[in-house]
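Dear colleague,

I am passing on the structure we talked about, and my notes on it follow below. Please read them with the model open beside you.

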Amino acid sequence: MSASSVGSQLESALTTAKDLLISNPEYSEIPDVAGYADIEDQWNKGYREMLQVAILDGDCTPRHTEIVDYPKNAITFRPLARFSARDRLIYDALVYSVGASIDAQIQRPVYSYRWNHKAGKPRFWFGPWKRMQTEARRTLGSDKRLRMATLDVSSFYEHIDVEILADDLACVSRRGGASKNLNRFLTSFQRINHAWGLPQGSDASGVLANLYLAPVDEHLSKNKFQFLRYSDDIMIFHRDWTELRDVLSEINKIFRARRLSMSAQKTGILEPEDAFKRIHDARKASLSAACDIGIPGTFVEVRQYFDEIIKGEMLDTRSLRFVINRLAKLEDDYAVSWCLDNLPFMAHVAKEVFSYLRIFTDRVDEIQRKLVNFMRSGASESYPYLEQRILRYFLTMGLQDDRLKESAWQILEDRNREDFPREFASRYLGRAASVSEAQLLRHKFEEEPSVTMRRALLMSLYESKHLSQRYLRDVEEYLPQLKWVCRFLSTGPRIPVS
């Protein structure tokens, strides 16, 4: 491949990475403090070229990574890799450069992270997931005697062996430089962090994960099994229980050769009736359709379903997300008070809860009071994801509260906290900072070692209206890592809240 075509392909991959990073902020577990507005503004003013040069020069190792224990439910976590914007864009672009080559090896029954060859980007997750569920129902409906084996991998992304993946990439990539840079990034990621396997939090990792399970797909296809796969969630269909048991045994051997193990809790063989119930929740389907169509009185059934979920012995996370989203669609505030009163148990559904709360402007006073009380109680320190979402809610709604301001100062000054709530605390403080408070924010900026925090603090100073152009020029000159945000702020922008 010629140098010009390599450059063109890399430019396209970087632009795709940027567009996907900035779009759909509501789907981000940890939204950026400014929705990457500075990256968007500076993209064609040298930022993309800077990334392109770094990749072509092989300067592809991550410079700043924060490993966040993100909640899966009320008591368990998964390690989320929070990269700097530079590192995330480089990683995503390296994967997207080989995305089409990887997808060419992936078989049709695989629905996750498929490549849109026409658009040159991965497909958004929601459509393929729904299509897989539809295909599973069609398969089971076509033969009432079909059993279904279900399996997935224990801590899948964490246990992907980077060296084995490197061999896979070398086989499929037409560009040796791209796979070498990608291997260098992943190797460095493992060596300098308390993490291993693939970074979680990026769709790019899903594309690589597809390739890692390609031998499983090949084995199932060669042995004529009907199957469907979404990432490591696999469904296999067959009439005979023994045949399904034997194929699970063979897949387990393939997993073991790839340093993976089956999840004992999520692996099993279901009888036909149970299999269909697993795939098709008739009640959820009915409620979802009723909400979409707008059938009168639907809110009564949705409320009843909500009550059943919260009164159950175990709080079903998927069902809770489903019903909160349905209440949001109906603009029904029935669950507002319950969500506010149960915040410590809601960190893993914070995205859905705060999207829901933002709808009800007529209940802002109650929401504001309860959120401030939670922050002031001291309980929030154990839930940085909630702290970030609460501060983001106040910023989005344009709310000022002196008691929350005190909490924001405590968060900002505590360097033992994760950066992401501290970033939002700094922006909240900047929105209504006095001259003396702005001077203190500047002091915090100058003594802060974290580049990501310095970026947020600089935006905070700008929004306080106490940031001089002279000081901004000095920061750009003497702190080159912040030059892009300095140039962005020099244009006098209105900074969004993700």
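R259 is placed in the loop between helix 11 and strand 8 (268–270), where helices (H or I, at least four residues) and strands (E, at least two) are DSSP runs numbered from the N terminus. This is a predicted model, in which local features need pLDDT of at least 70, side-chain atom pairs count only at pLDDT 80 or more, and totals for chains, interfaces and linings use all residues. Residues are numbered from 1 along each chain as its sequence is written, and side-chain values use heavy atoms, with hydrogens and water left out.

Most residues other than glycine have a negative phi. R259, however, has a positive phi near 65°, and R259 is exposed, with a relative accessible area of 51% (buried means under 20%, exposed over 50%, partly exposed in between, with a 1.4 Å probe and protein chains only). S231, which is not a glycine either, has a positive phi of about 55°; S231 sits in the loop between strand 6 (226–230) and strand 7 (233–238) and, at 10% relative accessibility, counts as buried.

**Helix packing**

Helix 10 (residues 214–222) and helix 11 (residues 241–257) pack at an angle of about 150°, with their axes 10 Å apart (axes are lines fitted to C-alpha atoms over the stretch in contact, and angles run from 0 to 180 degrees between N-to-C directions). Helix 10 is therefore roughly antiparallel to helix 11, since angles under 35 degrees count as roughly parallel, over 145 as roughly antiparallel, 65 to 115 as roughly perpendicular and the rest as oblique.
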